[in-house]
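Keep the model open beside you as you read.

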Amino acid sequence: MFRNFKMVSKMVFGRGCFAQLGDILKEQRRADRSVMVFLVDDVHKNKPLKDRLPLEKDDLLIWVNVDDEPKTKYVDQLVGQVRTHMEEKTGDLPAGVIGIGGGSSMDLSKAVALMLTNPGSAADYQGWDLIQNPAVYHAAVPTLSGTGAEVSRTTVLTGPEKKLGINSDHTVFDQIVLDPELIAGAPNPQRFYTGMDCYIHCVESLEGTYLNSFSQAYGEKSMALCQDVFLADPEDADDKLMMASYCGGMSIAYSQVGICHALSYGLAFVLGLHHGIGNSVVFDYLEDYYPQGVREFRQMMERHRIDLPRNLTANLSDAQMEKMVDVALVLEPLWENALGNDWKTIITREKIRELYRKM
Ligand code: NAD
Ligand code: ZN
């Protein structure tokens, strides 16, 4: 069976295109359903972007905090907040949810849009195609590039038991607004780590057994853009990084990520390590699996003077270590993509422990 996959319906790209957001949203505001909900990364609270939000009467602006990566509990709380606001204003659903920020804020907005029309907790829908009802209209404005969350059909959430996305066609954004000016202020090392998420998407997609011409086309383009951005620092680096993220996301949409992501999910679940930095920590130990990619990654780190944190797992209990291994091993498609059908004979719990102990 070939995957018949849903793509982002509309996208606008270009320096300054954020100014069009108000007009874009106007098309979605109907007389009987006009309220927009803005979920904006609170890093922008005291920045100029705050005064450029196209807020209209009764719109709700929520500053979201992403010090911790999105949790199902936080999503449930935000949905409650939106519902209360809507009961006070119109008694109806909002016309749309707009997420502004990095991967975390974009994922929160996807999840809130889904959970406004689906009963229960976000934790009930972690998995594949469990969502029954279409979400309300949702749009994204990235202010950090690399995750590909702007194009993917998942919203990655940490729940009580697992870190796993809500994967569904309804998760995909209806609109994305890609304005390279908005990522200009992202500081290092964050910009680097999130950029490396993109680079690693490319390596894992291009080196994987699921590779096909669709994924290869996007993966190769994205990788070339990453190489340019992180090894040559061109003048239009922000434009290129934004498109690298888009293409990297498209590449893995029709293939899969691999070992680095599987192991990094374990680190995230047990240690709370964020996705970009977690991937970078793990990737540095994967020379046996991705030799060329790891070598080039180290060149990029050196050029950008990145010092990775070390000894992260030194004080873990046995139970924590086993949990980390469990979280990594649940992600079977990632291992299968990386190592082929008989991956279970190649990768053992002990091999995974050994890799984690090095970190
Ligand atoms: P992030 O959204 O977690 O943000 C990292 C930090 O950068 C935060 O402190 C944030 O406030 C700050 N930030 C964002 N934009 C900024 C700007 N313009 N200037 C200054 N600071 C800014 O980081 P991320 O790496 O973009 O996203 C990671 C998240 O994305 C994780 O939760 C991960 O699970 C998720 N993810 C999702 C997908 C997907 O397909 N849905 C794919 C990969 C990762
Ligand atoms: Zn990733």
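Here is a short report on a few helices and their contacts.

## About the model

This is a predicted model, in which local features need pLDDT of at least 70, side-chain atom pairs count only at pLDDT 80 or more, and totals for chains, interfaces and linings use all residues. Residues are numbered from 1 along each chain as its sequence is written, chains are lettered from A and ligands numbered from 1 in the order in which they are written, and side-chain values use heavy atoms, leaving out hydrogens and water.

## Helix 4

Start with helix 4 (residues 190-206), whose 17 residues reach 24 Å from first C-alpha to last, close to the 24 Å expected at 1.5 Å a residue. Helices here are DSSP runs (H or I, at least four residues), numbered from the N terminus. Is helix 4 mostly covered or uncovered? Mostly covered: 16 of its 17 residues are buried (under 20% relative accessible area, 1.4 Å probe, protein chains only).

## Helix 4 meets helix 7

Helix 4 packs against helix 7 (residues 259-271) at about 130°, with axes 9 Å apart. Contact, meaning heavy atoms within 4.5 Å, involves Asp-197, Ile-200, His-201 and Glu-204 of helix 4 and Ile-259, Cys-260 and His-261 of helix 7.

## Helix 5 meets helix 6

The axes of helix 5 (residues 213-232) and helix 6 (residues 237-253) come within 8 Å and cross at roughly 155°. Helix 5 and helix 6 are therefore roughly antiparallel. Residues in contact include Phe-214 and Tyr-218 of helix 5 and Leu-241 and Met-243 of helix 6.

Terms used: Helix = DSSP H or I, 4+ residues; strand = E, 2+ residues; numbered from the N terminus. Expected span 1.5 Å × (residues − 1). Buried < 20%, exposed > 50% of the residue type's maximum accessible area, 1.4 Å probe, protein only. Axes fitted to C-alpha atoms, helices over the stretch in contact; angles between N-to-C directions. Parallel < 35°, antiparallel > 145°, perpendicular 65-115°, else oblique.
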